[in-house]
Amino acid sequence: MRYDPLRKTGRAFPLQLLWCLVLAGLFCIPALSFGKSKGPSLSSAPQKSSVKTATIANLRYYGSAQQHRLIFDLGRPVSYTQERVSNPDQVVINLVNAVLSKTAKRKLEEHTLPTEIEIKQMGARRVQVILNMEDMTGLKLQALRKPYRLVLAYVPKRSSPPVVQPKITLPPVTRQSTEVQRQARLDIDTIILDPGHGGKDPGAVGRSGLMEKEVVLDVALRLQQLLMDRLGKKTLMTRATDVFIELDDRAKFANSQKADLFVSIHINSHPSPNVRGIEMYHFGIASDRRAMQVAARENGDTIDHARDLIDLIKADLALSKRIEESQNLAWETKLAIVNLVGMAYNLDDHGVKTAPFYVLRYTAMPSILAELSFISNSSDEKLLRSSGYRQKMAEALFEGIRNYLNSAQVASAG
């Protein structure tokens with residue numbers, strides 16, 4: 001007898017029932033079993049892309065004769081590719097799933113970066129960085145965390161002898177101010193205090209975990225109270241809580257308030273743990289090639305006439321007078337700290353220096369930046385934890401500002 005696969009226990013399997021089972025199975029087979037469906041089944045939840053866009057919040061550039069650095073401040077980590085091409089010799093870096101913020105775009109529009117670097121938004125989610133290798137060597141690219149940053153460092157090539165850099169020669173500090181300067185000091189009414197860092201930016205961090213942002217805010221609040229109580233001055237803060245404020249927003253705030261003085265408060269750090277003490281800064285013209293390029297372009301000139309920029313900068317009397325007053329304020333404040341704090345604590349005096357700090361350059365009033373102790377030094381860090389030391393620093397800053405104001409009153413009375 002021929003074998004019948006539909007036969008079971010001697011009885012034929014009903015053909016009608018078989019067809020019902022086949023048809024029912026066709027409607028129950030998942031779409032995936034056909035091997036052609038690309039979308040999810042109706043019963044599956046929609047899948048979201050795991051790749052998120054990284055925002056380039058800011059672009060910061062620092063240059064010296066030894067090394068140039070471009071820092072991309074990021075909201076989250078970013079992936080990138082790097083390729084070297086020829087004719088011309090360039091390195092092309094593509095930041096994947098990245099967008100430029102309004103602040104970063106404004107920096108590019110203002111042409112604040114070196115000419116050997118070009119940055120542009122390519123489409124909706126890619127930022128391209130093109131580096132001219134004919135003008136640089138020793139290129140390094142490093143991704144950092146806390147906060148997220150991408151740091152591009154290189155050494156500028158010197159194919160020809162350096163051109164003489166433009167500088168401003170300031171007169172020595174003296175209490176013998178002009179009548180205009182004395183009147184300007186007498187008219188000072190609004191003072192802006194600027195505690196550095198804040199929020200996601202902790203600033204320098206000591207070995208035991210003390211953060212710069214915490215110390216400077218506390219000192220600034222103490223100083224604000226002294227200025228209001230003892231001098232009756234309108235004293236405003238760029239930040240009064242633990243929040244992050246962009247550098248340009250700090251300067252814009254001071255300018256919008258038509259402030260008369262600007263004091264930025266910071267805590268120092270040094271690779272050597274033995275360095276301690278205080279430093280006082282006021283704005284000085286940068287002495288690097290990039291500074292000449294920017295000045296030449298803004299003045300409609302070429303870099304070949306860099307020597308002519310000296311006269312152009314000196315002709316900017318408003319800038320020169322502001323720097324001169326900033327220098328006087330820096331010296332008065334430094335002397336007050338050395339005298340007042342130095343009497344009670346071991347204090348090293350690193351003097352008054354110039355540097356192109358952003359907040360000092362773009363504020364429209366006399367401004368200084370005070371570095372109060374080195375948090376990288378264990379002894380200084382221990383002092384910075386002390387309420388008494390912070391109060392003494394606030395009182396010394398107050399004395400410096402008051403001495404700066406009183407020098408005008410004494411001269412007027414004389």
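**Exercises on side-chain contacts**

Arg106 is partly exposed, with 26% relative accessible area. The exercises below concern a predicted model.

**Exercise 1.** Determine which residue Arg106 meets in a salt bridge, and where the partners lie.

*Solution.* Step one: the side chain of Arg106 meets that of Asp248, with N and O 2.4 Å apart. Step two: Arg106 belongs to helix 2 (residues 102-109) and Asp248 to helix 5 (residues 247-256), so the pair links distant parts of the chain, 142 residues apart. Step three: Asp248 has 7% relative accessibility and therefore counts as buried, as the limit for buried is under 20%.

**Exercise 2.** Find the salt-bridge partner of Arg250 and state whether the two residues are buried or exposed.

*Solution.* Step one: the partner is Asp194, the closest N and O atoms being 2.6 Å apart. Step two: Arg250 lies in helix 5 and Asp194 in strand 12 (residues 190-195), 56 residues apart. Step three: both Arg250 and Asp194 are buried.

**Exercise 3.** Classify the geometry of the ring pair Tyr345 and Tyr389.

*Solution.* Step one: the ring centres of Tyr345 and Tyr389 are 4.8 Å apart, and their planes stand at 90°. Step two: planes over 60 degrees apart count as edge-to-face, so the pair of Tyr345 and Tyr389 is edge-to-face. Step three: Tyr345, at 22% relative accessibility, counts as partly exposed, whereas Tyr389, at 2%, counts as buried.

**Exercise 4.** Identify the ring over which the charged end of Arg230 sits.

*Solution.* The ring is that of Phe398, with the charged end 5.4 Å from its centre.

Terms used. Residues are numbered from 1 along each chain as its sequence is written. This is a predicted model: local features need pLDDT of at least 70, side-chain atom pairs count only at pLDDT 80 or more; totals for chains, interfaces and linings use all residues. Side-chain values use heavy atoms; hydrogens and water are left out. Rings of Phe, Tyr and Trp (its six-membered ring) pair if their centres lie within 6.5 Å; planes under 30 degrees apart count as stacked, over 60 as edge-to-face and the rest as tilted. Buried means under 20% relative accessible area, exposed over 50%, partly exposed in between (1.4 Å probe, protein chains only). A charge sits over a ring if NZ of Lys or CZ of Arg is within 6 Å of the ring centre and within 35 degrees of the ring normal. A salt bridge is a side-chain nitrogen of Lys or Arg within 4 Å of a carboxyl oxygen of Asp or Glu. Helices (H or I, at least four residues) and strands (E, at least two) are DSSP runs, numbered from the N terminus.
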